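Please look at the sequence and the structure below before turning to the notes.

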Amino acid sequence: MNQLIIKRIWRGGWVLLVTAVVLFASWMLLPLLYPFLIAWAIALVLNPVVQWMSLQFKFPRWLSVTISLTIFILAMLTVAAAVITRIVKEIYNLSMTLEYFLNVWRDLFVQLVENEDVQQFIHSISSLYKDNPNIQGSINSNLSNTAQTITTAITNLITLFLDGIVRLLSSLPNVATISIIVMLAAFFISKDWLRWTHTFTRTVPEQVRKPTRNVWQDLKHALFGYLRAQFLLISITALVVIIGLIVLHVEYAVTIGLLIGLVDLLPYFGVGAVMVPWIIYSFAAGSSSLGIGLAVLYSIVLVARQIMEPKVLASSVGLDPLITLVAMFVGLKLFGVLGLIIGPVTLVLVSAMNRAYVFRDLRNYILTGRR
């Protein structure tokens, strides 16, 4: 009995050691290999198109890959250029609007200061200050500390903004280099896709290949289906919101619509995290017509979402909203903004491994030494 327990502990320790080594190696190698992982993903997406072109038009595979990859690059550049141009334009318009409101607030402040009652109040404060020299030092010290705090905060904000611009500009050559590497790697991977597949099949043992195949089949159904469904849903949401805001003559409709589309990724909250406070603020500020329009738009988005979501997610494996929210929060804390994607993707991967009985096989191996 003791020997059986020792063997189980040894096998469990061996599994933990291998898992830790794999995770550590993945963590260390990911910064070095991520361009090739992106290239593999692009090749995977383009592979059906490449095969179709090779069979339909009798093109050699390298030509099918070249045409498909060229169309993909041109499509990505076109979309990126259109989105960036629109966002930059609306950010510029937003800055001009902010400057206008700053001037309005400044004029209001000047008018307020010039008011007789306000002048009398300032005169009373000034007299109190002069007649009580004991509190002058305390007031001066507090004013100095407040001014220093405000100055430091503004300086830090400006420095952070300028550093962000410098980092963005300095990263452009690196981004361009990585993009070229990704595209070249995608070309070579896609061109030799059959050879790489055959190499994997020949070198990997069957006891590893079978669960890997099961996990991969489940992932293709769950992960890519989930990502495709979420992308389609947020695209529909963003499009409906943009059209609605344009009809309501809301400025920066495209930028706001894209942001609301991204917020729609949040479970439970979704569009309501932005639309509900905006509706309440509109009624509170006296813009009843805008509030009613936003309420109608929000209702349309909810109805469209409820109609489309079951159909779009029918081919994908849905995740529990609460567990998804936990995965997104953990991913956000560990990886930043990208964690909002990494968290749910990891959750889908773990679910796929569980459905492929990977954890069951590991448990059986630890307990009995057999899969």
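Asp192 forms a salt bridge with Arg195, and the closest N and O atoms are 3.3 Å apart. A salt bridge is here a side-chain nitrogen of Lys or Arg within 4 Å of a carboxyl oxygen of Asp or Glu. The model is predicted: local features need pLDDT of at least 70, side-chain atom pairs count only at pLDDT 80 or more, and totals for chains, interfaces and linings use all residues. Residues are numbered from 1 along each chain as its sequence is written, and side-chain values use heavy atoms, with hydrogens and water left out.

**Salt bridges and a charge over a ring**

- The search of the whole structure finds 2 salt bridges.
- Besides its contact with Arg195, Asp192 forms a salt bridge with Lys191, where the closest N and O atoms are 3.2 Å apart.
- Asp192 is buried, with a relative accessible area of 18%; buried means under 20% relative accessible area, exposed over 50%, and partly exposed in between, computed with a 1.4 Å probe on protein chains only.
- Lys191 is partly exposed at 27%, and Arg195 is partly exposed at 46% relative accessibility.
- Arg195 has a further contact: its charged end sits over the ring of Trp196, 4.9 Å from the ring centre.
- A charge sits over a ring if NZ of Lys or CZ of Arg is within 6 Å of the ring centre and within 35 degrees of the ring normal.

**Aromatic pairs**

- Rings of Phe, Tyr and Trp (its six-membered ring) pair if their centres lie within 6.5 Å; planes under 30 degrees apart count as stacked, over 60 as edge-to-face and the rest as tilted.
- By this rule the count comes to 4 aromatic pairs.
- The ring centres of Trp52 and Phe57 are 5.4 Å apart and the planes stand at 90 degrees, so this pair is edge-to-face.
- Both residues are partly exposed: Trp52 has a relative accessible area of 47%, and Phe57 has one of 44%.
- Phe187 and Phe188 also form an edge-to-face pair, with 5.4 Å from centre to centre and 75 degrees between the planes.
- Phe188 counts as partly exposed, at 47% relative accessibility.
- Trp52, Phe57 and Phe59 are joined into a cluster by ring pairs.

**Helices and burial in the chain**

- The chain has 12 helices and 0 strands; helices (H or I, at least four residues) and strands (E, at least two) are DSSP runs, numbered from the N terminus.
- Buried residues make up 24% of the 371 residues in the chain.
- Val182 lies in helix H4, which covers residues 133–191, and is buried, with a relative accessible area of 5%.
- Val182 and Ile42 are 140 residues apart in sequence, whereas their C-alpha atoms are 8.8 Å apart in space.

**Loop residues with positive phi**

- Lys58 is found in the loop between helix H1 (2–57) and helix H2 (61–113).
- The phi angle of Lys58 is near 60 degrees, a positive value in a residue other than glycine.
- Lys58 counts as exposed, at 67% relative accessibility.
- His249 has its place in the loop between H6 and helix H7 (253–263).
- His249 likewise has a phi near 60 degrees, a positive value in a residue other than glycine, and His249 is exposed, with a relative accessible area of 72%.

**The cavity**

- On a 1 Å grid over the protein atoms alone, a cavity is a set of points where a 1.4 Å probe fits but cannot get out; lining residues have an atom within 4 Å of a point.
- The whole structure contains 1 cavity of 30 Å³ or more.
- About 60 Å³ of space lies in the largest cavity; a volume is the space filled by probe spheres set on the grid points, which are joined across faces, edges and corners.
- Its lining consists of Leu233, Ile236, Thr237, Val240, Val301, Ala304, Arg305 and Met308.
- Helix H6 (206–247) and helix H9 (288–312) each supply at least two residues of this lining.
- By class, the lining has 6 nonpolar, 1 polar and 1 charged residues; Ala, Val, Leu, Ile, Met, Phe, Trp, Tyr, Cys and Pro count as nonpolar, Asp, Glu, Lys and Arg as charged, and the others, Gly among them, as polar.

Notes. 1 Å grid on protein atoms, 1.4 Å probe; cavity = no way out; pocket = protein on both sides within 12 Å on 5 of 7 lines; lining within 4 Å.
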